[in-house]
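Here's a quick tour of a protein model, written for someone just starting out. Have a look at it first, then read on.

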Amino acid sequence: LSALGVPAAMAAGLVLGLSIFVTGALHEDGLADTADGFWGGWTKERRLEIMKDSRIGAYGVLALGLMLLLRWQGYGQAMEAHLWALVAIPAASRAAMLPLMALPNARGSGVSASVGHPPRAAILLGLGIGFTALLPLGPASISIALTMAIAAGLVALVARAKIGGQTGDILGATQQVCEIAALVTLAALA
């Protein structure tokens, strides 16, 4: 798109739309459900019930809106700073979900429960592959990887406190939070 003269902001919006289309908005849905459940319910049971509900609430809408704005701006910055970031950051943010799969499943059913807990070696291999994608970003790759690790750790802490573990929605929210954290870090370092 850049080679065709499309401005970075518009190209970033198109890339974001394509990313959402290709993934079926799976991680975005997890972010919205997590936001609704975590801040819309007062007990573990109610939070999980809200997260399972297909309707979206105010917290979910706000989380999606903020996520779209930050990713759109981050993609625009990445196009100007280092085009490879548009591949590396989404790959690494998906790898950042893997350690959370080792947490207990909070619901006992659903996609996350059916997948189970991957072996430690598989988690480490996935992290290695995902974060290797960051290496072409140069010295910024270390800061981006650390930021993603902190972001994933914070999501894990909140998930344990709010619902006692993870669900597929938590994994999707982790990917989104880590991608945004990485894009913000890249923009700050550019």
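Of the 44 residues in the largest nonpolar core, the ones touching the most other members are Ile89, Leu100, Phe131, Leu134, Ile144, Met148 and Ile170. A nonpolar core here is a set of buried Ala, Val, Leu, Ile, Met, Phe, Trp, Tyr and Cys residues joined through side-chain atoms within 4.5 Å. Buried means under 20% relative accessible area, exposed means over 50%, and partly exposed is in between (1.4 Å probe, protein chains only).

Keep in mind that this is a predicted model: local features need pLDDT of at least 70, side-chain atom pairs count only at pLDDT 80 or more, and totals for chains, interfaces and linings use all residues. Residues are numbered from 1 along each chain as its sequence is written, and side-chain values use heavy atoms, with hydrogens and water left out.

- Skipping neighbours within four places in sequence, Ile170 is in contact (heavy atoms within 4.5 Å) with Thr34, Phe38, Met51, Leu100, Val155, Ala159, Ile163 and Gly165.

**The overall fold**
- The chain has nine helices and zero strands; helices (H or I, at least four residues) and strands (E, at least two) are DSSP runs, numbered from the N terminus.
- With a radius of gyration of 17 Å, close to the 16 Å that the globule rule gives for 190 residues, the chain is as compact as a globular protein of that length. That radius is taken over C-alpha atoms, and the rule is 2.2 Å times the number of residues to the power 0.38.
- Buried residues account for 43% of the 190 residues in the chain.

**On the outside**
- Met10 sits in helix α1 (residues 8-23), and it counts as exposed because its relative accessibility is 54%.

- Most residues other than glycine have a negative phi.
- Ala25 isn't a glycine, yet its phi is positive, at about 55 degrees.
- You'll find Ala25 in the loop between α1 and α2 (26-40), where Ala25 is partly exposed, with a relative accessible area of 26%.
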